[in-house]
Amino acid sequence: MNKREDYISWDEYFMGVAMLSAARSKDPNTQVGACIVSQDNKILSMGYNGFPIGCSDDEFPWNRDGEPYDNKYFYTTHSELNAILNYRGGSLEGSKLYVTLFPCNECAKAVIQSGIKTIIYADDKYAETPAVRASKRMLTAAGVTMIPYTHSGRVIELHL
């Protein structure tokens, strides 16, 4: 008997983990997931966008509009930063970040400082915003490789 030939690729696997992580987000508008992977394809950490530990999902606002203290932007932690902060194993030097949405400028700083060298991203819908343009400028200057994820079209159904 020969081995199975229809198994998923590493990129499909890790982006799938990032997508599954995004499903943990309680944000009603934008769910983003991240998965950090070592050079030898071991998952190091995962994260999704949400409020910091101890800040209740029921007490802090999820609104996108309104006064600064009455919307989510001062309070949420992005998936990339959560994945970096969740890692407890030492250095992330040389690792890869799989993320469902291209990182903003603040997350780019954390990516660079943590030593992540490659970003594989599924969506870049904010490409023309100042935050993402600044992000790309810093990532390029720091030598971080940015790779758009190539969707395979494969459908994987989970019954949980």
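**Before you start**

You are looking at a predicted model, in which local features need pLDDT of at least 70 and side-chain atom pairs count only at pLDDT 80 or more, while totals for chains, interfaces and linings use all residues. Residues are numbered from 1 along each chain as its sequence is written, and side-chain values use heavy atoms, with hydrogens and water left out.

**The whole chain**

Show the protein as a cartoon and colour it by secondary structure. Helices (H or I, at least four residues) and strands (E, at least two) are DSSP runs, numbered from the N terminus.

Now switch to the C-alpha trace, which spans about 65 × 40 × 35 Å along its principal axes. Of the 160 residues, 39% count as buried; buried means under 20% relative accessible area, exposed over 50% and partly exposed in between (1.4 Å probe, protein chains only). Among contacts between residues at least 6 apart in sequence, 61% join residues at least 24 apart, a contact being heavy atoms within 4.5 Å.

**First selection: Cys35**

Select Cys35, whose place is in strand β1. Is this residue buried or exposed? Cys35 is buried, with a relative accessible area of 0%. Display what surrounds it: leaving aside neighbours within four places in sequence, Cys35 is in contact with Phe14, Val17, Ala18, Ile43, Ser45, Met46, Lys96, Leu97 and Tyr98.

While you are in this part of the chain, click on Asn41 in the loop between β1 (33–37) and β2. Its phi is near 60°, a positive value in a residue other than glycine.

**Next: Thr77**

Move on to Thr77, in the loop between β2 (43–48) and α2 (79–86). Although it sits in a loop, Thr77 is buried, with a relative accessible area of 13%. Beyond its neighbours within four places in sequence, Thr77 is in contact with Tyr48, Asn49, Gly50, Pro52 and Asn82. Try the distance tool here: Thr77 and Tyr126 are 49 residues apart in sequence and 18 Å apart in space, C-alpha to C-alpha.

**The charged side chains**

Select the charged side chains. There are 16 positive and 19 negative ones, and the centres of the two sets lie 6 Å apart. Lys and Arg count as positive and Asp and Glu as negative, without His and the chain ends; the place of a charge is NZ of Lys, CZ of Arg, CG of Asp or CD of Glu.

How many salt bridges does the structure hold? It holds seven, where a salt bridge is a side-chain nitrogen of Lys or Arg within 4 Å of a carboxyl oxygen of Asp or Glu.

- Arg4 and Asp6 meet at 2.8 Å, N to O. Arg4 is exposed at 54% relative accessibility, whereas Asp6 is partly exposed at 48%.
- Arg154 and Glu12 pair with their closest N and O atoms 2.9 Å apart. This pair links distant parts of the chain, 142 residues apart: Arg154 is in the segment after β5 (145–148) and Glu12 is in helix α1 (residues 10–22). Glu12 is buried at 12%, while Arg154 is partly exposed at 38%.
- Lys109 and Glu106 have their closest N and O atoms 3.0 Å apart. They are three residues apart in helix α3 (residues 105–114), and so are separated by about one helical turn. Both are partly exposed, Lys109 at 36% and Glu106 at 47%.

**Last stop**
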